[in-house]
Amino acid sequence: MIASASYFPLWERIQHYFNLLFIGLMIRSGIQIIGAHPRFYWRDSSDPKKEWIKFTSAKVPKDKVYTSMDDEVPVSPWLAQPGEDNLGLGRHWHFFVAIFWLLNGIIYWVLLFATGEWSTLIPTSWTIFPDAWHAFVTYITFHIPPKSVFTPYDPLQQLAYAFVVFILAPFMLVTAAAMSPSIEARFPWYLKLLGGKQSARSLHFLGLLAFIGFIIVHTALVFYVYPPDNIRNITLGNEQASLGLAILIFVLGLVSVVVVYVWATKFTLRHKRLMQHALGTVVDPVRKILLHRETSKQHYTSSDITPYFWVNGRPPETEEYRELAQNNFLDWRLEVCGLVEQPLQLSLADLRALPKVTQLTKHNCIQGWSGVAEWGGVCVSEILKLCKPLPNSRYLVFVSYQKGKQSVKPELSEALHHTFYEVIDMTLANHPQTILAYEMNGEPVPMLHGAPARLRVETLLGYKMVKYLRSIELVEDYSHVGQGQGGFREDFQFYGRGAEI
Ligand SMILES: Nc1nc2c(c(=O)[nH]1)N[C@H]1C(S)=C(S)[C@@H](COP(=O)(O)O)O[C@H]1N2
Ligand SMILES: [Mo]
């Protein structure tokens with residue numbers, strides 16, 4: 001037993017506090033994200049018949065169009081950050097906090113090894129296992145080990161902490177990275193290692209459960225086993241410290257965490273656009289530097305094609321589109337306009353006459369589902385060669401025949417009348433697997449999946465891949481388009497500006 005030395009240095013106590021603050025936000029925003037597609041699978045087909053667990057009572061109807069957005073479940077703001085059906089903002093929070101949680105973790109690791117504190121966590125003798133078993137039996141039979149066992153942790157505690165710090169936390173990062181469409185597209189082998197997108201997502205979820213389980217047991221034991229000493233250690237770092245002061249700091253610490261959580265939730269729900277921008281200011285540069293330039297190296301095989309492929313976004317309900325469809329899209333013209341030397345009106349036959357590419361790729365919806373299909377069409381770079389962008393053109397605005405219509409909530413009623421569009425920049429437009437697809441799995445693109453042509457950008461999330469294409473406009477700046485956020489989903493659902501994660 002160490003006599004009175006300060007077991008827990010100040011840096012460790014401060015980092016413990018920040019870890020608590022961050023992990024709660026990570027869990028709450030994670031729950032928000034789960035609500036957007038409350039089903040888990042092991043296979044990338046995301047076939048609801050093959051889910052292994054779900055958090056919705058909804059059944060997927062067979063007789064009508066049921067989109068993945070219809071399947072979303074709103075989550076109470078008491079649980080999720082920020083709550084309701086705010087997937088976009090929940091993701092902003094998740095990535096924003098993840099950056100700081102990771103930084104906190106890295107500093108912690110460095111200090112652990114720099115100060116020799118590591119020896120309190122990393123076992124150096126095999127006897128840790130029988131000793132930990134012994135401790136387990138002690139606790140499970142509602143006994144408390146003698147004080148002398150804690151140096152400063154008991155063997156079971158030491159193993160559990162080492163597991164969380166050196167295995168569980170890195171595991172969350174590894175499985176998280178495998179869910180980014182750009183990482184999947186650029187390093188398909190990495191995704192394979194984890195058994196695919198849905199397997200990575202399921203493993204990430206199991207990691208969440210492990211974290212929650214750990215937090216519950218950890219907190220329970222703090223209050224069950226020598227609580228006054230624990231509260232002194234957590235706050236003041238040693239067991240000789242004043243208990244009154246320790247309790248005061250402890251309570252203030254917890255209250256401050258609750259205040260931050262309540263503020264973060266209320267403020268985000270009240271100022272969605274502001275928070276979309278504020279959190280994006282931190283997340284966007286990181287995402288852009290790491291992922292924006294990665295190109296897709298996906299080459300799945302036809303045996304990977306998933307028979308089940310969720311739909312998101314219904315076919316346009318206008319007379320104009322109905323007539324085009326009735327006539328097999330013979331009269332359809334894709335307009336290419338804006339800052340170009342040569343404006344174009346391309347028929348389907350024109351598109352088919354251009355060099356054709358086919359690609360077998362994985363589609364990743366922001367909500368969490370995935371599917372593999374073969375897409376056939378023409379590279380967007382070919383279109384750019386034809387229309388000759390002017391030097392000041394920087395973005396491509398892909399406009400749909402469809403009006404965004406996915407919610408009947410009053411706050412989104414504005415969205416009912418807005419044309420679906422999404423913007424990508426020249427870098428993405430010139431990626432080799434950025435195509436206008438007019439075929440899916442060897443057939444003309446089916447109505448539900450975007451007939452007669454839709455965009456495919458294989459390093460991005462699905463929401464960028466506009467279906468039912470009407471036109472492509474080249475612009476220097478997109479702040480005048482829609483609500484100016486770079487797309488329908490960014491405008492009305494507060495999704496991130498980039499779609500690489
Ligand atoms: N016009 C239009 N395009 C759209 C959407 C939409 O609602 N309308 N949804 C997007 C989203 S969020 C996804 S995930 C994919 C879904 O493509 P799918 O319906 O072919 O599966 O289309 C994208 N393109
Ligand atoms: Mo999506």
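Gln-367 is found in the loop between strand E5 (357-364) and strand E6 (370-379); strands (E, at least two residues) and helices (H or I, at least four) are DSSP runs, numbered from the N terminus. The model is predicted: local features need pLDDT of at least 70 and side-chain atom pairs pLDDT 80 or more, while totals for chains, interfaces and linings use all residues. Side-chain values use heavy atoms, without hydrogens and water, residues are numbered from 1 along each chain as its sequence is written, and chains are lettered from A and ligands numbered from 1 in the order in which they are written.

Is Gln-367 buried or exposed? Gln-367 is buried, because its relative accessible area is 1% and buried means under 20%, exposed over 50%, and partly exposed in between (1.4 Å probe, protein chains only). Its side chain joins that of Ser-68 in a polar contact of 2.7 Å. A polar contact is a pair of N or O atoms within 3.5 Å; within protein, one must be able to donate a hydrogen and the other to accept it, and residues adjacent in sequence count only if both atoms are side-chain atoms.

Leu-209 belongs to helix H8 (residues 197-224). This residue counts as partly exposed, because its relative accessibility is 41%. From Leu-209 to Phe-8 the separation is 201 residues in sequence and 28 Å in space, C-alpha to C-alpha.

Now the chain as a whole. It has 16 helices and twelve strands, and 52% of its 501 residues count as buried. Its C-alpha atoms fill a box of roughly 85 × 45 × 45 Å, taken along the principal axes.

Where does ligand 1 sit? Ligand 1 sits in the largest cavity. A cavity is a set of points, on a 1 Å grid over the protein atoms alone, where a 1.4 Å probe fits but cannot get out; a molecule sits in one if more than half of its atoms lie within 2 Å of its grid points.

An oxygen atom of ligand 1 lies 2.7 Å from a backbone N or O atom of Trp-310, and an oxygen atom of the ligand is 2.9 Å from a polar side-chain atom of Arg-489. A nitrogen atom of ligand 1 lies 3.0 Å from an N or O atom in the side chain of Ser-400. The protein covers 99% of the 530 Å² of accessible area that ligand 1 has on its own, with areas from the Shrake-Rupley method and a 1.4 Å probe.

How values were computed
1 Å grid on protein atoms, 1.4 Å probe; cavity = no way out; pocket = protein on both sides within 12 Å on 5 of 7 lines; lining within 4 Å.
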